[in-house]
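Reader: Could you walk me through this model, one feature at a time? I'd like the general idea each time, then the case at hand.

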There are 2 protein chains.
Amino acid sequence: MDINAIARKFTDFYYQTFDTERHGLALLYKDESMLTWEGQQILGVNAIIQKLTSLPFGKVQHQVSTVDAQPSVPNTANLIVSVTGFLLVDDDSNPIRYSQAFHLVSSDGGYYVYNDIFRLNYG
Amino acid sequence: MDINAIARKFTDFYYQTFDTERHGLALLYKDESMLTWEGQQILGVNAIIQKLTSLPFGKVQHQVSTVDAQPSVPNTANLIVSVTGFLLVDDDSNPIRYSQAFHLVSSDGGYYVYNDIFRLNYG
């Protein structure tokens, strides 16, 4: 499978889980994982899930516009994935643009999120 | 220097060079560097500079909104840097939003760009 297909499969799963069963994202992070959410730095799967499940919105829907991927280091399966899209929150009809960068590290035949940087792009 | 300061210094230099002397960006890439520009995949410093210097605009100005950084691997100086901002092109008065993700790899006491993913966010 080429890396763009892997990236697409990952983002499909990630956002579907985020939008329907946010706790399930715990499968994708480890103790060494990092999330920067709107500039706030958070370390480790437990703190990350605590943050993501306490965001001040109930219903959320991600609409992905672009997904780009590159191998992050020579001779490994690790990937940088850069995403742009729109977030629809609760019953607000104005989608908010967002950018998210992931670094996926291969482990046990799969991937986990080592780096995650999320920004809403207001205005 | 903390990683956010390094990332800020890098992006200041990168965009100043891009906006005033685009050929000078050759200093920041190597033969193994990758650029994905609006979905087009480009490999190596020569092809990257060829692409960046042949973009269909003369004057360009980047206005950075946010810069976030994380270490990309344990026990190395390598960094993931995620940028959002606006691009002003030629005499167009409508800035275009963009997102850019860099992976900076340490080498010879400095950094070079291993991964570079750029997207304009129209609409």
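Author: What follows goes from the sheets to single residues and then to the interface.

Author: First, the ground rules. This is a predicted model, where local features need pLDDT of at least 70, side-chain atom pairs count only at pLDDT 80 or more, and totals for chains, interfaces and linings use all residues. Residues are numbered from 1 along each chain as its sequence is written, chains are lettered from A and ligands numbered from 1 in the order in which they are written, and side-chain values use heavy atoms, with hydrogens and water left out.

Reader: In what order do the strands of the chain A sheet run?

Author: In chain A the order is β2-β1-β6-β5-β4-β3, an open sheet of six strands with mixed pairing. Its edge strands, each pairing on one side only, are β2 (40-43) and β3 (60-71) of chain A. Neighbouring strands there are turned by 15 degrees against each other on average, direction ignored; axes are lines fitted to C-alpha atoms, for helices over the stretch in contact, and angles run from 0 to 180 degrees between N-to-C directions.

Reader: How many bridges join β1 and β6 of chain A?

Author: Five, and strand β1 (residues 29-37) and strand β6 (residues 110-121) of chain A run parallel. Within that pairing, L35(A) has D116(A) in β6(A) as its bridge partner. Helix α1(A) packs on this sheet, touching β1, β3, β4 (79-89), β5 (96-107) and β6 of chain A, and its direction makes about 155 degrees with that of β3(A).

Reader: Is T17(A) buried or exposed?

Author: Here buried means under 20% relative accessible area, exposed over 50%, and partly exposed in between (1.4 Å probe, protein chains only). T17(A) sits in helix α1 (residues 3-20) of chain A and is buried, at a relative accessible area of 9%. Its side chain reaches the backbone oxygen of F13(A) at 2.7 Å. For contact, look for heavy atoms within 4.5 Å. Leaving aside neighbours within four places in sequence, T17(A) is in contact with R22(A), G24(A) and L25(A).

Reader: Which residues does A7(B) touch?

Author: Not counting residues up to four places away in sequence, A7(B) touches V67(B), A69(B), L79(B) and V81(B). A7(B) belongs to helix α1 (residues 3-20) of chain B and counts as buried because its relative accessibility is 0%.

Reader: In which sense do β3 and β4 of chain B pair?

Author: Antiparallel: β3(B) and strand β4 (residues 79-89) of chain B pair over eleven bridges. One pair to find is V60(B), which stands opposite V89(B) in β4(B). Helix α2 (residues 45-53) of chain B packs on the sheet, touching β1 (29-37) and β2 of chain B, with its direction at about 40 degrees to that of β1(B).

Reader: How much area is buried between chain B and chain A?

Author: The size of an interface is often given as the accessible area lost when the parts come together. Buried area here is the accessible area (1.4 Å probe) that two parts lose on being put together, summed over both. For chain B and chain A that comes to about 2500 Å², with carbon and sulfur atoms giving 52%. Q70(B), R97(B) and I117(B) supply 25% of the area that chain B buries against chain A, more than any other three residues. In contact terms, 29 residues of chain B meet 29 residues of chain A.

Terms used: Helix = DSSP H or I, 4+ residues; strand = E, 2+ residues; numbered from the N terminus. Polar contact = N/O pair within 3.5 Å; in protein donor to acceptor, adjacent residues only side chain to side chain. Pairing = 2+ DSSP bridges.
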